[in-house]
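Reader: Could you take one part of this structure and go over it slowly, starting from a single residue and working outwards to what surrounds it? I would like the terms spelled out as they come up.

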Amino acid sequence: MHRVILASVTDNSPHGYNLTFAFPMILFIVIAGVLYLVYSRPHKVPGHGPLRISSAGQAGTLRPDSVPEPEAARDAAIAAGPSIAAGGGSTEGVHEAAGAHVASASTTSGSVSEDENQATDAEPAADQPAAPGDSAAGTPPNKDEASE
Amino acid sequence: MAETSQAPSLTPEQEEAAFYHEAALNSAWTGARLLIASLSFAFGAFIFAFFYLKSLNSHGMWYPPKFTGPQKGLGTTIMVLIVVSALVQWAGLTRIKAAQRSAWMGAAVVALVLGVVAACLQLFQLVDLPFWPGASGFASVFVGTAPVFVVIALGAMVYLEILIMRCRAIPQISFVEQPPTFAEAFAVQRFQAALSGFTLVWNYLAVVAVVMWVLFYLVH
């Protein structure tokens, strides 16, 4: 009876269990090996390369104490993408529109996004020149809009 | 350290900002490659199912003689659209490296449209299949693989659209010469890192589309 049952099975069982063992093994080994090679060798991360030197003379060297215009800061915040700063992106960052820091500092909710109107109202503050030694001078403060 | 670190006498806040900026660049690079590894495991599961069921061929039900497979013309069109989309975007990337921002924008929009059309065609094919999911072993694998692929492809297109909107916010001049402030310089560099990661992943998905096409329309 047992032989009859076995004889009636048309499945290619050996191929099945060989594949079950070999395929995941090989897949894991190949992917792990490739990742090891990729991460362990010297590599160049895009974005690190120097930008072209300006023909205008002044550009080409960053000026740490300069603050972008509010419009430029807002565009930079959009272009920079999500913030990865500690605090889930609600802390200060360099990509935020100038003036948002003032608004977010006065929030009671702790959520900058809830106070977007305040941030907008406070934007004229960005036009105020930063005092020498002001820690936020070269780092326009953050608001959640930059993460979008 | 980022190129911006060469600026003299940074305050602690500026140094911290540069640190997080550096982390963002590296995470884009690392994350894109980890994503590809993760996707390889995901698609590997379907490829395993394909070869396992094909090899087992239980009761001859892998691909029965009278079984009608998915529409070959539609499948070929989907694969070609995705490959062309990846090629166009890659060509645009070479242009933006040559400081031609508008050239990449145009190429990216074309790539976006091609990718979305491919995804729509894939959805159309799925609702118009000439077989039921349980009709055969092949049918079950196809019905499992195609939706997963189309969701991932649509996700990639959403990210491409985000990149296009981010690029719109960057002035053309920022791709030519060093922006004068940290915020603008960081924005350009982070965009470059994100675009590089996206290109890698989208090219990978194009290769996956070709492999799937070979399996489902040629090998079966």
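Author: Ala193(B) lies in helix H5 of chain B, where a helix is a DSSP run of H or I with at least four residues, a strand is a run of E with at least two, and both are numbered from the N terminus. This is a predicted model, in which local features need pLDDT of at least 70 and side-chain atom pairs count only at pLDDT 80 or more, while totals for chains, interfaces and linings use all residues. Residues are numbered from 1 along each chain as its sequence is written, and chains are lettered from A and ligands numbered from 1 in the order in which they are written.

Ala193(B) is buried, because 24 other C-beta atoms lie within 10 Å; the term buried asks for 20 or more such atoms within 10 Å of the residue's own C-beta, exposed for 12 or fewer, and partly exposed covers the values in between, with C-beta atoms placed from the backbone.

The helices themselves can be taken next. Helix H1 (residues 12–56) of chain B and helix H5 (residues 182–219) of chain B have axes that come within 10 Å and cross at roughly 5°, where an axis is a line fitted to C-alpha atoms, for helices over the stretch in contact, and the angle runs from 0 to 180 degrees between N-to-C directions. H1(B) and H5(B) are therefore roughly parallel, since angles under 35 degrees count as roughly parallel, over 145 as roughly antiparallel, 65 to 115 as roughly perpendicular and the rest as oblique. By class, 19 nonpolar, 5 polar and 1 charged residues make up the contact of H1(B) with H5(B); here Ala, Val, Leu, Ile, Met, Phe, Trp, Tyr, Cys and Pro count as nonpolar, Asp, Glu, Lys and Arg as charged, and the others, Gly among them, as polar.

H5(B) also packs with H4(B), at an angle of about 155° and with the axes 10 Å apart, which means that H4(B) is roughly antiparallel to H5(B). The crossing of H4(B) with H5(B) is left-handed, a word that applies if the near helix is turned anticlockwise from the far one by less than a right angle, clockwise being right-handed. On the H4(B) side the residues making this contact include Phe142(B), Phe149(B), Ile152(B) and Tyr159(B), and on the H5(B) side they include Phe191(B), Ala194(B), Phe198(B) and Trp202(B), a contact being a pair of residues with backbone-placed C-beta atoms within 7 Å. Sorted by class, this contact has 18 nonpolar, 1 polar and 1 charged residues.

Passing on to H4(B) and its other partner, the axes of H3(B) and H4(B) come within 9 Å and cross at roughly 155°, so H3(B) is roughly antiparallel to H4(B). This crossing of H3(B) and H4(B) is left-handed, and their contact has 22 nonpolar, 2 polar and 2 charged residues.

Gly137(B) lies in helix H4 of chain B and is buried, because 24 other C-beta atoms lie within 10 Å. Leaving aside residues up to four places away in sequence, Gly137(B) touches Leu53(B), Lys54(B), Met61(B) and Trp62(B). The C-alpha atoms of Gly137(B) and Leu56(B), which are 81 residues apart along the chain, are separated by 9.7 Å.

Most residues other than glycine have a negative phi. His59(B), which is not a glycine, has a positive phi of about 50°; His59(B) sits in the loop between H1 and H2 of chain B and is exposed, with 11 other C-beta atoms within 10 Å. Ala99(B), in the loop between H2 and H3 of chain B, likewise has a positive phi, near 70°, and is partly exposed, with 16 other C-beta atoms within 10 Å.

Technical notes
Contact = placed C-beta atoms within 7 Å.
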